[in-house]
Amino acid sequence: MEHNQRNILITGAAQGIGKGIAQACLDQGANVYLLDINEEALNATVSQLRSIYTTNIEAFACELTDDKSFKNALYKGIDHFEVFHGFCNSAASSQGIGPFETFSDEDFNATVNLSFKIVWTCLKEEISYLRENKLTGSIVNISSNSAIRGYAFNSIYAASKAAVNNLSQSVAKEVARDQIRVNVVSPGTINTPGVEAYFAKEPSAKEKLEKTILLKRLGDPIEIGNTVSFLLSDRSSYINGQIISVDGGSSIY
Ligand SMILES: NC(=O)c1ccc[n+]([C@@H]2O[C@H](COP(=O)([O-])OP(=O)(O)OC[C@H]3O[C@@H](n4cnc5c(N)ncnc54)[C@H](O)[C@@H]3O)[C@@H](O)[C@H]2O)c1
């Protein structure tokens with residue numbers, strides 16, 4: 001067991017990749033604290049996971065781009081769990097899609113907020129908590145292969161994810177002296193509700209995309225979760241400041 005009652009906080013855990021991360025950590029014996037803005041989906045996920053796993057599963061619905069809101073959620077979690085050993089910042093979304101020059105200022109600001117500032121907000125509170133309490137820990141931020149390869153018609157999201165990669169490496173350099181590790185998992189295309197909804201509208205897109213993946217299939221959220229769980233555990237104790245693509249080989253296609 002990678003975790004054996006270690007306490008892990010996961011953002012964006014109501015569905016999709018965040019939920020897969022929660023499942024993978026639970027499979028390895030973790031207690032999990034799940035945060036998401038979507039209270040209804042979060043409650044449904046908690047009920048489902050509690051019917052499968054016996055370790056402690058708690059959740060709190062909150063807006064994660066706001067530092068007061070995240071800090072409040074974090075300290076509610078500390079009241080319950082006493083200590084956190086690992087954090088995964090998975091929550092993100094984007095607004096607006098289309099040719100680069102047509103993005104409005106509002107869409108630009110919203111996307112940077114929802115896919116970059118959200119990680120900064122959570123990361124700084126997590127680091128402050130660990131340092132103030134002289135705790136070691138492991139943090140994983142979820143980025144995207146679009147950060148490495150670019151993403152036509154979703155350029156601000158891709159640039160925000162590149163900022164997540166870079167921020168994570170800078171912060172890893174700052175906090176390593178305190179035995180706090182920061183890594184990034186960079187997913188390829190993963191079968192999540194959002195991706196499924198897109199393929200329902202554009203069925204030919206799925207087939208085209210699968211051709212560009214060495215393994216010729218989309219990923220499953222649990223496959224991201226398994227890598228995150230490993231990085232959050234002491235089994236990865238010498239991996240630090242890395243950006244690890246989990247993408248069936250699409251980034252080298
Ligand atoms: N699905 C993919 O193919 C894919 C590929 C590359 C990267 N990613 C990244 O993986 C992560 C998860 O993606 P997903 O596909 O599971 O997305 P998703 O939309 O299915 O899930 C994201 C979750 O985050 C929550 N969330 C979003 N903004 C929030 C906010 N401001 N405050 C609180 N909660 C918020 C949502 O409610 C949702 O439950 C994201 O960082 C995404 O950019 C996904």
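Modeller: Let's start with pairing: two strands pair if DSSP finds at least two bridges between them. Helices (H or I, at least four residues) and strands (E, at least two) are DSSP runs, numbered from the N terminus. This is a predicted model: local features need pLDDT of at least 70, side-chain atom pairs count only at pLDDT 80 or more, and totals for chains, interfaces and linings use all residues. Residues are numbered from 1 along each chain as its sequence is written.

Colleague: Okay, how many bridges join β2 and β3, and in which sense do they pair?

Modeller: Strands of a sheet pair through backbone hydrogen bonds, either parallel or antiparallel. Here β2 (residues 31–36) and β3 share five bridges in the parallel sense. Tyr33, for instance, has Glu58 in β3 as its bridge partner.

Colleague: And in what order do the seven strands of the open sheet run?

Modeller: The order is β3-β2-β1-β4-β5-β6-β7, with parallel pairing. At the edges sit β3 (57–61) and β7 (243–246), each pairing on one side only.

Colleague: Which strands does helix α4 lie across?

Modeller: For angles, axes are lines fitted to C-alpha atoms, for helices over the stretch in contact (C-beta atoms, placed from the backbone, within 7 Å). Angles run from 0 to 180 degrees between N-to-C directions. Helix α4 (residues 105–132) lies across β1 (7–11), β4 (86–89), β5 (137–142) and β6 (180–187), at about 180° to β5. Helix α9 (residues 221–232) runs at about 170° to β6 and lies across β1, β4, β5, β6 and β7.

Notes. Two residues are in contact if their C-beta atoms, placed from the backbone, lie within 7 Å.
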